[in-house]
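Welcome, and please open the model in your viewer.

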Amino acid sequence: MAKKQTFTDKLSKKKGAGAAHCPVCDDIFHPVRVREFATEGGRRRQTTKMVKLCKCNEKEIYG
Ligand SMILES: [Zn+2]
């Protein structure tokens with residue numbers, strides 16, 4: 001049989017097992033994809049990149 005494990009157990013385990021979190025605001029980093037425009041050889045290209053979002057930079061990212 002599967003081990004009995006509550007949702008809360010899973011969460012706390014995950015957090016303890018090294019989910020990256022910000023040392024400044026103590027918020028767990030949320031990976032978010034942000035759109036970027038790059039100009040390459042005179043052509044505009046749209047790219048996306050992954051950014052670790054926490055309370056420190058959410059205003060910066062979401063504007
Ligand atoms: Zn932070």
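Predicted model: local features only at pLDDT ≥ 70, side-chain atom pairs only at ≥ 80, totals over all residues.

Residues are numbered from 1 along each chain as its sequence is written, and side-chain values use heavy atoms, with hydrogens and water left out.

Now colour by secondary structure.

**Select the zinc ion.** Which atoms coordinate the zinc ion? They are the SG atoms of Cys22, Cys25, Cys54 and Cys56, at 2.3 to 2.4 Å; donors are N, O and S atoms within 2.8 Å of the metal (3.2 Å for Na, K and Ca), and since water is not among the atoms, sites may look incomplete. The 4 donor atoms subtend angles of 107 to 113°, so the arrangement is tetrahedral, a label given to four donors if all angles lie between 85 and 135 degrees. Along the sequence, the donor residues follow the spacing C-x2-C-x28-C-x1-C. Cys25 sits in the loop between H1 and S1 and Cys56 in the loop between strand S2 (43-53) and helix H2 (58-62), so the pair ties together parts 31 residues apart in sequence.

**Select Asp27.** This residue is in the loop between helix H1 (7-16) and strand S1 (30-40). Asp27 is buried yet has no salt bridge, and the nearest side chain of opposite charge, Lys55, is 4.5 Å away. A salt bridge here is a side-chain nitrogen of Lys or Arg within 4 Å of a carboxyl oxygen of Asp or Glu. The Asp27 side chain does reach the backbone nitrogen of Lys55, at 3.5 Å.

**Select the charged pairs on the strands.** How many salt bridges are there by this rule? The count comes to 2. In one, Glu36 pairs with Lys49, with the closest N and O atoms 3.2 Å apart; Glu36 is in strand S1 and Lys49 in strand S2, 13 residues apart. Glu40 and Arg45 also meet in a salt bridge (3.2 Å, N to O). Glu40 is partly exposed at 48% relative accessible area, and Arg45 is partly exposed at 41%.

Note on methods. Helix = DSSP H or I, 4+ residues; strand = E, 2+ residues; numbered from the N terminus. Buried < 20%, exposed > 50% of the residue type's maximum accessible area, 1.4 Å probe, protein only. Lys, Arg positive; Asp, Glu negative; His and termini not counted. Polar contact = N/O pair within 3.5 Å; in protein donor to acceptor, adjacent residues only side chain to side chain. Tetrahedral: all angles 85-135°; square planar, octahedral: opposite > 155°, others 65-115°.
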